[in-house]
Amino acid sequence: MTDRSTPHQVQVHTTTTTRHDTSTNPQGRYRSGVSGGVNTANTATNTLFPEKGPTTSQVLAILAGLPVSGILFALAGLTLAGTLIGLTITTPLFILFSPVLVPATIVIGLSVAGFLTSGACGVTALSSFSWVTEYIRRTQGTVPEQLESAKHGLADVAGYVGQKTKELGQKTKDVGQEIQTKAQDAKTT
């Protein structure tokens, strides 16, 4: 046997449609530095930590990010401690002044709700006015035609109502005459 200390590349061409698991090495390439011919390391690890090492910009980003993140964590801790201390000091004050604070909170809450409701109604009114104005602008050319058709429709309705009223009047007159005739017949008998 020969000694194989240098890596070799092998190309495989398949003609079948079977799918092989390539999760450990998706391109099917040989990576140097691993004995046995195939790199079995996770591909996510390979992309996060390339074989050539981190670049200068990556190192500078880490070096710049560490102090900034440390300062922000320290500020977050100080803010939390200050909040807890302030809460422990003011809790007895809240309890002592609760007869004043509770109604004041209710009044302020209702005032804010009133302002928000007023603003919402104003925005709704403006948007409705804008919609009506735009609708009128779009239909401005057809308004005379619509008025004419409305006039004809109203004339038809008025004629129908007049006819029905006349019929009802005639029917009422007939019923009235019938009642009078019966009343006179009842009187004579």
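The following paragraphs lead through a predicted model of one chain, from its overall make-up to individual residues.

Residues are numbered from 1 along each chain as its sequence is written, and side-chain values use heavy atoms, with hydrogens and water left out. Because the model is predicted, local features need pLDDT of at least 70 and side-chain atom pairs count only at pLDDT 80 or more, whereas totals for chains, interfaces and linings use all residues.

The secondary structure comes to four helices and zero strands, giving the pattern α-α-α-α along the sequence; helices (H or I, at least four residues) and strands (E, at least two) are DSSP runs, numbered from the N terminus. Of the 189 residues in the chain, 3% are buried, where buried means under 20% relative accessible area, exposed means over 50%, and partly exposed lies in between (1.4 Å probe, protein chains only). The accessible surface of the chain is about 17000 Å², and 67% of it belongs to carbon and sulfur atoms; such areas come from the Shrake-Rupley method with a 1.4 Å probe, and for residues only the protein chains shown count as cover.

Confidence is expressed as pLDDT, the predictor's confidence in each residue, from 0 to 100. The chain has a mean pLDDT of 78, with 71% of its residues reaching 70 or more, and confidence is lowest in helix H1 (residues 43–48), at a mean of 59, and highest in H2, at 88. Over residues 33–38 the pLDDT is below 50, and beyond near neighbours in sequence this stretch has four contacts in the model, a contact being heavy atoms within 4.5 Å. Where pLDDT is low, the predicted coordinates should not be read in detail.

Helix H2 spans residues 56–96 and includes Val-68, a residue that is partly exposed, with a relative accessible area of 47%. Together with Ile-71, Leu-72, Leu-75 and Leu-78, Val-68 forms a nonpolar patch on the surface, with about 510 Å² of accessible area in total. Patches are made of residues with over 30% relative accessible area and no salt bridge, like charges being joined within 9 Å and nonpolar side chains (Val, Leu, Ile, Met, Phe, Trp, Tyr) within 5 Å.

An unreviewed UniProt entry places the feature "transmembrane region" at residues 59–81 and 93–116; the positions are given in the numbering used here, feature names are shortened, and annotations may be inferred rather than shown by experiment. In the model, residues 59–81 are 100% helix and 0% strand, with the end C-alpha atoms 33 Å apart, while residues 93–116 are 96% helix and 0% strand, with the end C-alpha atoms 30 Å apart.

Side chains of opposite charge can pair when their charged atoms come close. The whole structure contains two salt bridges, each defined as a side-chain nitrogen of Lys or Arg within 4 Å of a carboxyl oxygen of Asp or Glu. One joins Lys-151 and Glu-148 (3.9 Å, N to O), which are three residues apart in helix H4 (residues 143–188) and therefore separated by about one helical turn; Lys-151 is exposed at 54% relative accessibility, whereas Glu-148 is partly exposed at 41%. Lys-164 forms a salt bridge with Glu-167, their closest N and O atoms being 3.7 Å apart, and these residues are likewise three apart in helix H4, about one helical turn. Lys-164 is partly exposed, with a relative accessible area of 40%, and Glu-167 is partly exposed at 40%.
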